[in-house]
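Colleague: I am new to this structure and would like to go through it with you. Could you show it first, please?

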Amino acid sequence: MLELTVNGIKHQVDVVPEMPLLWVLRDELGITSPKYGCGIAQCGACTVHVDGHAVRSCQARIADVAGKAVTTIEAVGHGKLHPVQEAWIEHQVPQCGYCQIGQMMQAISLLTLIPNPSDDEINQVMSGNLCRCGTYERIRAAIHTAARKMGGA
Amino acid sequence: MAEISRLSRRTFVFGSVAVAGGVAFGSYGRAQEAPKAAANPLAAGLAPDSVTFNPWVEISPEKIILIAQHADKGQGVGSIQPVMIAEELDLEPGQFEVRFAGPSPAYYNSGFAHELAPFMAPDQSPEAEKARAAALEWLRKSGLQMTGGSSAIPDTYDKLRVAGAVARETLKAAAAKRSGIAVADLRTEAGNVILPDGAKIPYVALAAEAAKIPPVTDVKLRDPKQWRMIGKPMERLDIRPKVTGELKFGIDRVMDGMVYAAVQLNPNKGQPIKSYDASKAEKMPGVRKILKISNGIAVIATNSWYAMKAAEQVKCEWAPSKYPAEQADHWKAVGASFTSEFLGKQWRNDGDVEAGLKAGKLVEAEYRAPYVAHAPLEPLSGIGIVTDAGMEIWVGHQSPQAVQQIAAKAIGMKPEQVTFHNEWMGGSFGHRLEFENVRVLAEIANQLRGTPVKLVFSREQDFLQDIPRQIAMARYRGSVQDGKIVAADFQVAATTPFKGLLERMGTVSKDPDSQLAVGIWNVYYDIPNYRSASYEVQGLSPSTTWRSVGASANGFFTEGFMDELIHAAGLDPLQARIDLCKIPIYRKILETVGEMADWKGPLGNGKGRGVAFVESFGTAVAEIVEVTMTDAGIRIDKVWVAADVGKVVDPVNFENNVQGSVVWGLGHAMNCEITYANGAAQQTNYHHHEGMRLYQCPVIEVRGLENDFTVRGLGEPPVPPAAPALANAIFAATGRRIREMPFNKFIDFV
């Protein structure tokens with residue numbers, strides 16, 4: 001049994017230690033907001049926060065995150081919408097929406113590190129998150145809006 | 001318009017091909033039993049005291065349900081289709097629930113009528129309109145329900161507003177009966193019938209009474225000036241649940257008692273498994289069972305990851321591929337197909353092409369477009385349960401009736417024994433018109449009768465089983481003399497995407513694949529001697545519809561080569577296209593994109609601009625791409641797009657879809673191909689086949705025009721001009737012509 005804290009709630013899971021966090025969240029705990037897209041950290045759809053940092057949950061062994069704080073999109077706004085989510089709604093970023101949870105988790109992490117990122121900084125940090133629908137311009141604009149909302153700009 | 005009637009006459013030879021079922025859909029209709037009158041599928045399961053007025057509106061004492069007729073792959077029909085009903089029914093967002101349509105001929109796609117009728121999009125001649133009416137009647141009889149061909153808005157723009165108006169007027173009639181007040185003195189607002197004294201009767205309170213009166217079908221649609229929502233910026237209904245993570249995609253669904261399945265399938269597409277050794281896999285954690293299915297193995301486990309890991313460890317011996325094992329032989333076969341034996345159809349033959357080619361300076365070129373994968377971010381998946389009575393399946397799919405057929409065939413049942421539920425999809429781009437996950441899930445669930453099975457393809461299996469875009473080659477010739485294009489001879493050889501899809505749906509068509517005509521037939525430039533033909537390559541990889549289908553390759557070939565002819569004639573690429581274009585509303589599109597970009601000819605300083613113009617699925621789109629040659633390679637700076645759809649029903653979503661289409665067109669043109677080795681696709685994940693990432697994405701400025709005589713679709717038409725506009729921009733910046741996708745084989749991109 002491994003102990004895992006997700007969004008402040010402790011869970012016991014009985015899986016092999018090398019199982020990626022993604023599949024523990026999705027198939028063992030029923031938290032389906034992190035998405036499976038590639039399984040090899042090429043798309044970023046599975047991005048969650050571990051101790052506040054963006055992590056590709058398809059690459060994080062469950063044994064390595066046991067005892068750490070895992071956060072998914074459900075908890076980023078502490079009961080409200082996070083400014084990044086508000087900006088995503090304002091700009092109507094999603095098309096199919098499958099990548100967008102990972103995009104927002106990455107964007108929140110970016111804005112924590114760089115409160116007012118330039119386009120170049122956005123390009124660098126966000127290019128690991130693939131969007132097949134091509135919503136990139138809106139993602140860029142929404143990050144700038146979120147930066148303003150969060151007081152970075 | 002004289003120009004249009006001239007085009008009609010030219011193409012009337014083509015028009016003599018049987019209209020009903022002749023062009024796009026082959027003999028699909030003949031394979032189906034034509035329903036006499038499609039019953040309202042909502043009537044069957046109607047609860048007591050509830051009413052349904054038509055296949056799109058159901059009201060119970062508790063709630064209002066609106067049906068999105070088409071499948072939502074991200075293009076937004078799950079929002080705009082209910083909104084079009086709500087516009088006439090006077091409902092506000094939040095007052096109704098949205099459900100996807102189940103399989104029923106009542107949801108036949110009338111939007112294919114224009115594509116079926118063999119007349120060019122701008123043709124409004126009586127002959128063209130007659131052919132479209134005949135095509136519509138055939139569609140109604142065939143009951144063909146499919147999302148595709150950029151048809152969602154053309155199909156539903158009128159019928160959903162009528163559906164809403166019928167519901168509204170019938171509710172008013174019910175309120176009139178109850179209150180004794182004349183219908184003319186009643187109005188509706190925000191889910192209520194309003195009486196003259198201001199009293200409100202909620203629609204839900206009228207459901208039982210409305211069910212007892214015949215629907216009021218003589219309705220008048222509102223003047224667009226009165227619209228509250230259509231044509232105005234609005235928040236898509238699915239935006240919030242997609243941002244909070246609450247929206248469940250097909251892959252997120254769970255069921256009590258379900259088991260997880262993953263597969264390893266023969267990478268030689270369509271071929272069976274010979275034997276396998278699962279001795280290692282069956283000892284792995286979480287594994288419950290390993291099953292043999294017709295073209296591979298399935299691992300049943302307690303979790304998708306356990307199933308995927310174990311599936312990788314099964315050693316399989318595969319039957320070899322039916323198509324050439326190595327990519328070079330695919331290209332060889334394509335190159336050898338420009339002969340009468342493989343002729344699909346000569347689509348146009350205007351003037352005297354041979355004489356025209358001899359008259360001026362000859363220009364010749366060969367262009368290529370490779371296989372490419374769809375790879376939507378949500379991999380193929382599905383949940384199914386088979387019992388002795390039938391199968392119930394939950395899967396995101398664009399062809400509900402075909403899901404029933406394919407699943408039924410796989411388990412020896414009848415299509416009507418398969419109950420289908422559609423799901424929100426994490427993209428498709430044509431992937432979810434194919435059936436590999438449906439057939440495989442049916443086979444697995446049939447071996448585990450009574451147990452719900454959740455199947456998730458690994459990304460690698462999704463790539464390996466993807467049926468790609470057609471492989472295509474163009475051999476083009478043309479001549480120029482005295483600053484004019486005298487002749488053009490456009491020959492394309494390709495595998496057949498639409499015929500292939502139809503065949504896998506059980507309908508073998510002897511007609512030419514009409515998708516291979518798009519981009520060589522519907523070319524609107526005034527070239528006195530013009531000929532075009534398609535050749536259908538046999539024996540290669542199965543191919544299917546990939547966002548924008550035939551035009552995704554042919555648009556690149558034709559607009560790339562037109563640029564070469566225009567250059568040889570010493571003309572400006574944009575002005576020459578405007579001058580050559582014979583359709584006034586299309587000239588306007590080119591002029592508009594020129595204004596948007598402030599086109600003034602060559603830029604110099606390592607910068608270049610390219611323009612392209614393609615009509616596909618009836619929607620004409622012009623794009624200008626601007627690039628800069630830097631030390632690190634080509635940087636795409638900006639793209640301008642003008643598209644005429646007759647009516648922009650949802651401006652925000654319009655812009656988002658156009659931008660996404662441009663990213664799709666550019667990203668794959670720059671970076672993607674599928675190649676075969678040992679019969680298997682060599683690209684199995686996104687690092688091999690990326691499309692575009694954020695750092696490469698330019699600013700994309702979009703303008704929607706509303707001059708077309710009818711309402712057009714948009715999901716695909718902005719894709720085809722992107723690749724040639726980029727290639728033409730690279731030529732303008734560097735002097736180098738790129739005639740083969742992906743471009744990164746020939747030039748670096750920043």
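Colleague: What does the domain assignment of chain A give?

Modeller: Please note that this is a predicted model. For chain A, the assignment gives domain 1, covering 2-75, and domain 2, covering 83-149.

Colleague: How far apart do the C-alpha centres of these two domains of chain A lie?

Modeller: The C-alpha centres of domain 1 and domain 2 of chain A are 21 Å apart. Their contact takes 15 residues from domain 1 of chain A and 12 residues from domain 2 of chain A.

Colleague: Which elements each supply at least two residues of the side of domain 1 of chain A that touches domain 2?

Modeller: Two strands of chain A do so, β3 (47-50) and β4 (53-56). With three residues, β3(A) gives the most to that side.

Colleague: How do the residues on that side of domain 1 of chain A divide?

Modeller: They comprise seven nonpolar, seven polar and one charged.

Colleague: Turning to the two chains, how many residues does the contact take from chain A and from chain B?

Modeller: Chain B contributes 50 residues and chain A contributes 43 residues.

Colleague: Which elements of chain B each supply at least two residues of the side that touches chain A?

Modeller: They are α9 (239-244), α10 (304-312), α20 (651-671) and β27 (699-705) of chain B.

Colleague: And which element gives the most to that side of chain B?

Modeller: That is α20(B), with six residues. By residue type, the side of chain B that touches chain A has 24 nonpolar, 15 polar and 11 charged residues.

Terms used. Residues are numbered from 1 along each chain as its sequence is written. Chains are lettered from A and ligands numbered from 1 in the order in which they are written. This is a predicted model: local features need pLDDT of at least 70, side-chain atom pairs count only at pLDDT 80 or more; totals for chains, interfaces and linings use all residues. Domain bounds come from an automatic or database domain assignment. Two residues are in contact if their C-beta atoms, placed from the backbone, lie within 7 Å. Helices (H or I, at least four residues) and strands (E, at least two) are DSSP runs, numbered from the N terminus. Ala, Val, Leu, Ile, Met, Phe, Trp, Tyr, Cys and Pro count as nonpolar, Asp, Glu, Lys and Arg as charged, and the others, Gly among them, as polar.
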